[in-house]
Amino acid sequence: LFQIIFYEERNFQGRSYECMSDCSDMSSYLSRCQSCRVESGCFMVYERPNYMGMQFFLRRGEYHDMQRMMSMGMMFDTIRSCRMIPYHRGQFRMRIYERENFGGQMNELMDDCDNIMERYRMSDCMSCNVMDGHWLMYEQPHFRGRMMYLRPGEYRSFRDMGMSGTRFMSMRRITDISMTSRCFLQHTNSQQTFESHHLPLIYCAAHWVNHFKLQSWRR
């Protein structure tokens, strides 16, 4: 369900490395990365090994060269590690704190916030506790600037995560995850075949529930 392919050269040329989960150090597979293709799911890519340094969010699509990715907001010119972002179904909940170690003003979020200063009168966010869902935090209001991916857990100090000097002013839920699959179903009585490429399984199931209801009604 999750797949990203990295290439050493632009336009998907040269040696490639296919990844379907987390990869802490890509140097064992590629000397550099100049393009990539996200076949399914969403990934976070990192400037340095072990998920350190600057980060950038990638959803399903083709990224022909680093210059194009940098024009989209990416602030580094090579990829050294990546993390798969799991699919989350359910509510989103996160508590943000003004100071490190969950100190100072606290606010709880369950949806996107494009400016914590305007909404909560918070001048900074230096720690947080993610209870539900996966989130992106941004350096500037309105989801701009450097970003950081957060999965459920306690984050007592962003400085310890290599984000020293970075202020986070907006937060967004990661909900745009392309959960696609190939669905092949066959109705033996009517010898009808339905094949769907890259459609969610729930759509395929709903289609056939309606199909069988219609067949029963006709009988």
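# Strands, rings and voids in a predicted model

Visitor: In which strand does Gly61 lie?
Guide: The model is a predicted one. Gly61 belongs to a strand that spans residues 61-63. That strand is β6.

Visitor: Is Gly61 buried, partly exposed or exposed, and at what relative accessible area?
Guide: Buried residues have under 20% relative accessible area, and exposed ones have over 50%. Gly61 falls in between and counts as partly exposed, because its relative accessible area is 23%.

Visitor: Which residues does Gly61 touch, leaving out those up to four places away in sequence?
Guide: Gly61 and Gly41 are 20 residues apart along the chain, and their C-alpha atoms are separated by 9.7 Å. With residues up to four places away left out, Gly61 has contacts to Cys36, Arg37 and Val38.

Visitor: What is the C-alpha distance between Met20 and Gly41?
Guide: Met20 sits in the loop between β2 (13-19) and β3 (35-40). Its contacts, without residues up to four places away in sequence, are Phe2, Gln3 and Met84. Met20 and Gly41 are 21 residues apart in sequence, and their C-alpha atoms are 9.5 Å apart.

Visitor: How many helices and strands does the protein have?
Guide: The protein has 219 residues, of which 45% count as buried. Of the contacts with a separation of 6 or more, 62% are between residues 24 or more positions apart. The secondary structure comes to three helices and 16 strands.

Visitor: How many residues of strand β4 are buried?
Guide: Strand β4 covers residues 42-48. It is largely enclosed by the rest of the structure, because the buried residues number five of the seven.

Visitor: With which strands does β4 pair, and in what sense?
Guide: Strand β7 (residues 81-85) pairs with β4 over five bridges in the antiparallel sense, and there Tyr46 stands opposite Ser81. Phe43 stands opposite Leu58 in β5. The pairing of β4 with β5 (residues 52-58) also runs over five bridges. The partners are β7 and β5, both antiparallel.

Visitor: Which residue in the hairpin of β4 and β5 takes a positive phi?
Guide: This hairpin has three residues between its strands. In the loop between β4 and β5, a residue other than glycine has phi near 60°. That residue is Asn50.

Visitor: What is the phi of His142?
Guide: His142 is in the loop between β11 and β12. It counts as partly exposed, because its relative accessible area is 38%. Although His142 is not a glycine, its phi is positive, at about 65°.

Visitor: How is the pair of Tyr46 and Tyr51 classed?
Guide: The structure holds seven aromatic pairs. In the pair of Tyr46 and Tyr51, the ring centres are 5.6 Å apart and the planes stand at 70°. Planes over 60 degrees apart count as edge-to-face. The class is therefore edge-to-face.

Visitor: What are the relative accessibilities of Tyr46 and Tyr51?
Guide: Under 20% relative accessible area, a residue counts as buried. Both tyrosines are therefore buried. The value for Tyr46 is 2%, and that for Tyr51 is 18%.

Visitor: How is the pair of Tyr138 and Phe143 classed?
Guide: Tyr138 is buried at 6% relative accessibility. Its ring centre lies 5.7 Å from that of Phe143, and the planes are at 70°, so the pair is edge-to-face.

Visitor: Which residues lie over the rings of Phe143 and Phe92?
Guide: Over the face of Phe143 there is an arginine at 3.8 Å from the ring centre. At Phe92, the charged end of an arginine sits 5.8 Å from the centre of the ring. The residues are Arg172 for Phe143 and Arg173 for Phe92.

Visitor: What is the volume of the largest pocket, and which residues are closest to its centre?
Guide: The largest pocket has a volume of about 330 Å³. It is lined by 18 residues. Elements that give two or more residues to this lining are β5, β11 (135-140), β12 (144-150) and β14 (170-173). Closest to the pocket centre are Phe57, Arg59, Tyr138, Met147 and Arg172.

Visitor: Which elements give two or more residues to the lining of the largest cavity?
Guide: The count comes to one cavity of 30 Å³ or more, and the largest cavity has a volume of about 40 Å³. Its lining consists of Met54, Gln55, Phe56, Gly73, Met75, Gly145, Arg146 and Met147. The elements that give two or more of the lining residues are β5 and β12.

Terms used. Residues are numbered from 1 along each chain as its sequence is written. This is a predicted model: local features need pLDDT of at least 70, side-chain atom pairs count only at pLDDT 80 or more; totals for chains, interfaces and linings use all residues. Side-chain values use heavy atoms; hydrogens and water are left out. Rings of Phe, Tyr and Trp (its six-membered ring) pair if their centres lie within 6.5 Å; planes under 30 degrees apart count as stacked, over 60 as edge-to-face and the rest as tilted. Buried means under 20% relative accessible area, exposed over 50%, partly exposed in between (1.4 Å probe, protein chains only). A charge sits over a ring if NZ of Lys or CZ of Arg is within 6 Å of the ring centre and within 35 degrees of the ring normal. Helices (H or I, at least four residues) and strands (E, at least two) are DSSP runs, numbered from the N terminus. Two strands pair if DSSP finds at least two bridges between them. Contact means heavy atoms within 4.5 Å. On a 1 Å grid over the protein atoms alone, a cavity is a set of points where a 1.4 Å probe fits but cannot get out, and a pocket is an open set with protein on both sides within 12 Å along at least five of seven lines; lining residues have an atom within 4 Å of a point. Grid points are joined across faces, edges and corners, and a volume is the space filled by probe spheres set on the points.
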